[in-house]
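Reader: I am new to this structure. Please walk me through its rings and pockets.

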Amino acid sequence: MNYSYKGKILISTPDISGDIFSRSVVLVIEHNEQGAFGLILNKKNSQMSDKFKDMFEFKIEVYDGGPVENDKVFFIVKGKKVTEHFIEITPDFYLTEDIENIISAVLNSELSINDVKIFSGYSGWTSMQLDEEIQRKMWTVVDVYNLDYTLPNDQTLWKSIMQNLGGEYLLWANSPEDISLN
């Protein structure tokens with residue numbers, strides 16, 4: 001491996017259809033010789049959202065981070081570090097699994113719920129697997145600057161990024177979800 005995709009955004013191509021990665025936008029948190037770890041930013045999980053609504057006593061969105069270990073919960077947080085256990089994504093954002101400190105900080109108004117995005121599970125790749133998928137053009141790697149990872153995103157994020165890439169990506173952005181219908 002000569003290059004790390006850490007901090008990059010993966011945009012699934014229309015070739016990936018029918019699974020959780022269809023029209024997904026993935027933030028790569030870690031990428032090294034052992035493999036890669038990321039979170040899908042634009043797939044909501046209504047079942048987990050209902051569970052967290054009961055915990056917080058107000059509506060909150062939980063996202064499918066990926067198909068691996070759906071019983072694990074991850075948080076991307078903007079701003080104030082309320083835990084010592086985190087991975088810095090950028091100077092403004094960090095990732096943590098510290099559910100106790102995050103929930104406590106939100107309930108005690110130390111942290112706004114708008115500055116937290118919750119994920120169930122994650123996306124993982126074994127050694128060289130992500131590199132191979134990129135070579136097979138299953139993913140487009142994008143440098144996205146000024147993206148707020150805590151915003152409530154849906155499928156419009158995938159389409160918006162595709163449109164901004166222009167060219168053939170503009171065609172993909174406007175293709176039907178089931179490309180066999182095209």
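**Rings and pockets**

Author: The charged end of K117 sits over the ring of Y63, 4.1 Å from the ring centre. The model is a predicted one.

Reader: Is Y63 buried or exposed?
Author: Buried means under 20% relative accessible area. Y63 has a relative accessible area of 2%, so Y63 is buried.

Reader: How many aromatic pairs are there?
Author: Two rings pair if their centres lie within 6.5 Å. By this rule, the count of aromatic pairs is 10.

Reader: Why do the rings of Y63 and F119 count as tilted?
Author: Their centres are 6.1 Å apart. Planes under 30 degrees apart are stacked, and those over 60 are edge-to-face. The planes of Y63 and F119 stand at 45 degrees, so the pair is tilted.

Reader: Which parts of the chain does the pair of Y63 and F119 tie together?
Author: The two residues are 56 apart in sequence. F119 is buried, at 0% relative accessibility. Y63 lies in strand β4 and F119 in strand β8, so the pair ties together parts of β4 and β8.

Reader: What kind of pair do the rings of F93 and Y149 form?
Author: Both F93 and Y149 are buried. Their ring centres are 5.0 Å apart. Planes over 60 degrees apart count as edge-to-face. Here the planes are at 70 degrees, so the pair is edge-to-face.

Reader: Where in the chain does F21 lie, and is F21 buried or exposed?
Author: F21 is in the loop between β1 and β2. The cut-off for buried is under 20% relative accessible area. F21 has 14% relative accessibility, so F21 counts as buried.

Reader: How far apart in space are F21 and M138?
Author: In sequence, 117 residues separate F21 and M138. In space, C-alpha to C-alpha, the distance is 9.8 Å.

Reader: Which strand gives the largest share of the lining of the largest pocket?
Author: This pocket holds about 220 Å³ of space. It is lined by 13 residues, with I60, E61, I113, N114 and V116 nearest its centre. By class, 8 are nonpolar, 2 polar and 3 charged. The largest share, 3 residues, comes from strand β8.

Reader: What is the volume of the second largest pocket?
Author: Its lining has 7 nonpolar, 3 polar and 3 charged residues. The volume of the second largest pocket is about 150 Å³.

How values were computed: Residues numbered from 1 in each chain as written. Predicted model: local features only at pLDDT ≥ 70, side-chain atom pairs only at ≥ 80, totals over all residues. Heavy atoms only, no water. 1 Å grid on protein atoms, 1.4 Å probe; cavity = no way out; pocket = protein on both sides within 12 Å on 5 of 7 lines; lining within 4 Å. Points joined across faces, edges and corners; volume = space filled by probe spheres on them. Helix = DSSP H or I, 4+ residues; strand = E, 2+ residues; numbered from the N terminus. Nonpolar A, V, L, I, M, F, W, Y, C, P; charged D, E, K, R; others polar. Buried < 20%, exposed > 50% of the residue type's maximum accessible area, 1.4 Å probe, protein only. Phe/Tyr/Trp six-rings, centres within 6.5 Å; stacked < 30°, edge-to-face > 60°. Lys NZ or Arg CZ within 6 Å of the ring centre and 35° of its normal.
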